[in-house]
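Here are my notes on the two-chain model, as numbered points. Please read them with the structure open.

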Amino acid sequence: MFEISPAEWTAILLSLRVAIIATLVATPFGIALAWLLARRDFWGKSVLDAFVHLPLVLPPVVTGYLLLLTFGRKGLVGGFLADHLGIVFSFRWTGAALACGVMSFPLLVRPMRLSIEAIDRRLEQAAETLGAAPWKVFFTVTLPLALPGVLAGMVLGFAKAIGEFGATITFVSNIPGETQTISSAIYSLIQTPDGDAAAGRLVIVSIVLALGALIAAEWFARRATARLHGN
Amino acid sequence: MLRVDVEKQLGEFSLQASFSSEGRVIGLFGASGSGKTSLVNMIAGLLRPDRGSIVIDGETVDDTAAGIHVPTWRRRIGYVFQDARLFPHLNVAQNLDYGRRMNGLAPDPVQHKRVIDLLDIGALLDRRPGKLSGGERQRVALGRALLSRPRLLLLDEPLGALDEGRKLEILPYLVRLRDEANVPMVYVSHDAAELRQLATQIVMLKQGRVTSFGGVKMLA
């Protein structure tokens, strides 16, 4: 009864690939931004903060459309990347990864920022008195102490990315094998007669993935607390 | 060895201190709020003076007139804080080794063993800081600072967070440190008895000003 068809596997594997790539590429940017927001005061900080959170509150279709305008073949950035670097986003799985990365970014950054804010800065001072240059302090004290938060952010971002629908379908459409993720496959299936069983299976897969990610995030958060208390 | 001549405004509080010492252990004595910690933080480079200069071991690390401010991590100082500040994600051995690694120094097993024996922390090496008592933590912090091979050791009320019993437990180690480690120290305390045992010279601070300077006898 619970037999996953090759077409469904294609959608599941594509979703995983898109979400994993989106998360891995977004993570270094997320850490850098989290650090900036947690540690620095600069002009326009609140504007930057709001801008990062924008995909959380905008209708996803708007984000997708803006991505299409910017990163599409004729878009300012998309045209440049296609002509000069050969990187194409529109109607490719890479575009799906970009859309998922942008949509999940606020969720990815938040736990990272909170964990950096929670670090006792006096530990970083101690590291400095022991001869560690600022970048060494970051990699030997700040990042290890923030690691559970960083991982929690990655897990949450991944969970969001794997479920992303609106921006992805707007930006890169719904092409089986190229841009049809679990979400867009479910969307197609429930509009097809006799698609209910297949849709049901993908729904169950989605629930399992999302639950797994949330449990993992919770586990990392608990590790973070233990770590900061030195146990 | 150490020459300090600084001014610093911290909100309502103004700190103005000038002294120079060749002593092995300079005791910075004063009530809480007299500016002791701010002064030590300036020597460490964690706080920048508004005006003045600091010279450690012949090297000018601060000189506002010349625009010199050597960052903390290049000062080659050791700093033992009141609250130990051990790295919670590293065990004791890794904490002890941190300064050597950051300074790119070659391992020195003889020195390593000497410091561990001096402070009696050999049995703690595998433990995490969270599993140490207050006194043990402070001894590890001392070892960590010493093993970064500083040219000046700053101790800011290292016994301040400990109860009387623990203080008596640590004090002998500090005396041994003074006599055997061969590193000049600045020892901050509001406890005259502590300084009488440890210091070779006293700088007395009151409300941000040096009120007297001299031998330990003046604490009597």
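1. How many of the residues of strand β3 (residues 25-29) of chain B are buried? The count is 5 of 5, so to speak a strand that is mostly covered. Keep in mind throughout that this is a predicted model.

2. Both faces of β3(B) are covered. On one side sit B:Val25, B:Gly27 and B:Phe29. On the other sit B:Ile26 and B:Leu28.

3. β3(B) has strand partners. Strand β9 (residues 185-189) of chain B runs parallel to β3(B), with 5 bridges joining them. In that pairing, B:Val25 stands opposite B:Met185. Strand β10 (residues 201-206) of chain B also runs parallel to β3(B), joined by 4 bridges. There, B:Gly27 has B:Ile202 as its bridge partner.

4. Now the nonpolar core. The largest one has 114 residues. Those with the most contacts inside it are A:Ala99, A:Val155, B:Leu28, B:Leu154, B:Val186 and B:Tyr187. B:Leu28 belongs to the buried residues of β3(B). The largest share of the core, 14 residues, comes from α7(A).

5. B:Leu154 deserves a look of its own. Beyond its neighbours within four places in sequence, B:Leu154 is in contact with B:Val40, B:Ile43, B:Ala44, B:Ile77, B:Gly78, B:Tyr79 and B:Val186. One of these, B:Val186, is also on the list of residues with the most contacts inside the core.

6. Next, the interface. Here 19 residues of chain A are in contact with 22 residues of chain B. On the chain A side, α6 (121-129), α7 (134-163) and α10 (196-228) each supply at least two residues. The largest share, 6 residues, comes from α6(A). By type, the chain A side divides into 9 nonpolar, 6 polar and 4 charged residues.

7. Chain A as a whole: 10 helices and 0 strands. Its pattern along the sequence is α-α-α-α-α-α-α-α-α-α. The C-alpha trace of chain A spans about 70 × 45 × 30 Å along its principal axes. Of its 231 residues, 42% count as buried. Take the contacts in chain A between residues at least 6 apart in sequence: 77% of them join residues at least 24 apart.

8. Chain B as a whole: 6 helices and 11 strands. Its radius of gyration is 17 Å, close to the 17 Å that the globule rule gives for 220 residues, so chain B is as compact as a globular protein of that length. Along the principal axes, its C-alpha atoms fill a box of roughly 45 × 40 × 30 Å. Buried residues make up 42% of the 220 residues in chain B. For contacts in chain B with a separation of 6 or more, residues 24 or more positions apart account for 71%.

9. Strand β1 (residues 2-10) and strand β2 (residues 13-21) of chain B are joined by 9 bridges. B:Asp5 stands opposite B:Ser18 in β2(B). The two strands form a hairpin with 2 residues between them. In the turn, B:Gly11 has a positive phi of about 65°.

10. Where is B:Asp50 placed? It lies in the loop between α1 (36-44) and β4 (51-56) of chain B. Leaving out residues up to four places away in sequence, B:Asp50 touches B:Glu7, B:Lys8 and B:Gln9. B:Asp50 and B:Gln94 are 44 residues apart in sequence and 37 Å apart in space, C-alpha to C-alpha.

11. Last, helix α2 (residues 92-102) of chain B. Which of its residues are buried? They are B:Val92, B:Asn95, B:Leu96, B:Tyr98, B:Gly99 and B:Arg100. Their cover includes α4 (134-147) of chain B. Just after α2(B), B:Gly104 takes a positive phi of about 65°.

Notes
Residues are numbered from 1 along each chain as its sequence is written. Chains are lettered from A and ligands numbered from 1 in the order in which they are written. This is a predicted model: local features need pLDDT of at least 70, side-chain atom pairs count only at pLDDT 80 or more; totals for chains, interfaces and linings use all residues. Two residues are in contact if their C-beta atoms, placed from the backbone, lie within 7 Å. Ala, Val, Leu, Ile, Met, Phe, Trp, Tyr, Cys and Pro count as nonpolar, Asp, Glu, Lys and Arg as charged, and the others, Gly among them, as polar. A nonpolar core is a set of buried Ala, Val, Leu, Ile, Met, Phe, Trp, Tyr and Cys residues joined through C-beta atoms within 7 Å. A residue is buried if 20 or more other C-beta atoms lie within 10 Å of its own, exposed if 12 or fewer, and partly exposed in between; C-beta atoms are placed from the backbone. Two strands pair if DSSP finds at least two bridges between them. The radius of gyration is taken over C-alpha atoms; the globule rule is 2.2 Å times the number of residues to the power 0.38.
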